[in-house]
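Below is a walk through one protein model, from the whole chain down to single side-chain pairs. Please keep the sequence and the coordinates in view while reading.

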Amino acid sequence: MARAPSPLTPRKKPLQARSSRTVEAIFDASIQVLIDGGIERVTTTRVAERAGVSVGSLYQYFPNKQSLLAALLERYLLGVVEAVEQACSGCKGCSSDTMAVGVVDAFF
């Protein structure tokens, strides 16, 4: 029996450079809409308009606002993880105080 996709799962991942640029534009626009009006003002229509894409293009990748926001959060957290891992690698052999400062700086 096939499981229904989670409502937070993106519909598809961009495979071509143009598709990747579209998804990046959607993510950037999402952040701008969030900054301008908070979570209450985020709609797929506003995000698509700000990104310069049709709502249909947005829906090719994200089935709803929750899916878009979940993907945006995942993208952000993966960036934080990468930055913290790099800080830890760069602080190998350092004192715990130095490593703590490096990790905190990387996190923020």
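**Confidence, fold and side-chain pairs**

The mean pLDDT of the protein chain is 86, and 85% of its residues reach 70 or more; pLDDT is the predictor's confidence in each residue, on a scale from 0 to 100. This is a predicted model, in which local features need pLDDT of at least 70 and side-chain atom pairs count only at pLDDT 80 or more, while totals for chains, interfaces and linings use all residues. Residues are numbered from 1 along each chain as its sequence is written, and side-chain values use heavy atoms, with hydrogens and water left out. Where pLDDT is low, the predicted coordinates should not be read in detail.

The protein chain has 5 helices and 0 strands, so its elements read α-α-α-α-α from the N terminus on; helices (H or I, at least four residues) and strands (E, at least two) are DSSP runs, numbered from the N terminus. Confidence is highest in helix 2 (residues 44-51), at a mean of 97, and lowest in helix 5 (residues 96-107), at 86.

Of the 108 residues in the protein chain, 24% are buried. Here buried means under 20% relative accessible area, exposed means over 50%, and partly exposed lies in between (1.4 Å probe, protein chains only). The accessible surface of the chain comes to about 7500 Å², and carbon and sulfur atoms hold 58% of that area; such areas come from the Shrake-Rupley method with a 1.4 Å probe, and for residues only the protein chains shown count as cover. Among contacts (heavy atoms within 4.5 Å) between residues at least 6 apart in sequence, 53% join residues at least 24 apart.

The structure holds 1 aromatic pair. The ring centres of phenylalanine 27 and phenylalanine 62 are 5.7 Å apart and the planes meet at 55°, so the pair is tilted. Rings of Phe, Tyr and Trp (its six-membered ring) pair if their centres lie within 6.5 Å; planes under 30 degrees apart count as stacked, over 60 as edge-to-face and the rest as tilted. The pair links distant parts of the chain, 35 residues apart: phenylalanine 27 is in helix 1 (residues 17-37), and phenylalanine 62 is in the loop between helix 3 (55-61) and helix 4 (65-90). Both phenylalanine 27 and phenylalanine 62 are buried.

Which charged side chains meet? There are 2 salt bridges in the structure, each defined by a side-chain nitrogen of Lys or Arg within 4 Å of a carboxyl oxygen of Asp or Glu. Arginine 75 and glutamate 24 form a salt bridge at 2.7 Å, N to O. This pair joins helix 4, which holds arginine 75, to helix 1, which holds glutamate 24, across 51 residues. Arginine 75 is partly exposed at 31% relative accessibility, and glutamate 24 is partly exposed at 34%.

Arginine 50 forms a salt bridge with aspartate 36, with the closest N and O atoms 2.5 Å apart. Here arginine 50 belongs to helix 2 and aspartate 36 to helix 1, 14 residues apart. Arginine 50 is partly exposed, with a relative accessible area of 40%, whereas aspartate 36 counts as exposed at 55%.

Leu73, Tyr76 and Leu77 make a nonpolar surface patch of about 310 Å². Patches are made of residues with over 30% relative accessible area and no salt bridge, with like charges joined within 9 Å and nonpolar side chains (Val, Leu, Ile, Met, Phe, Trp, Tyr) within 5 Å. Leucine 73 lies in helix 4 and is partly exposed, with a relative accessible area of 48%.
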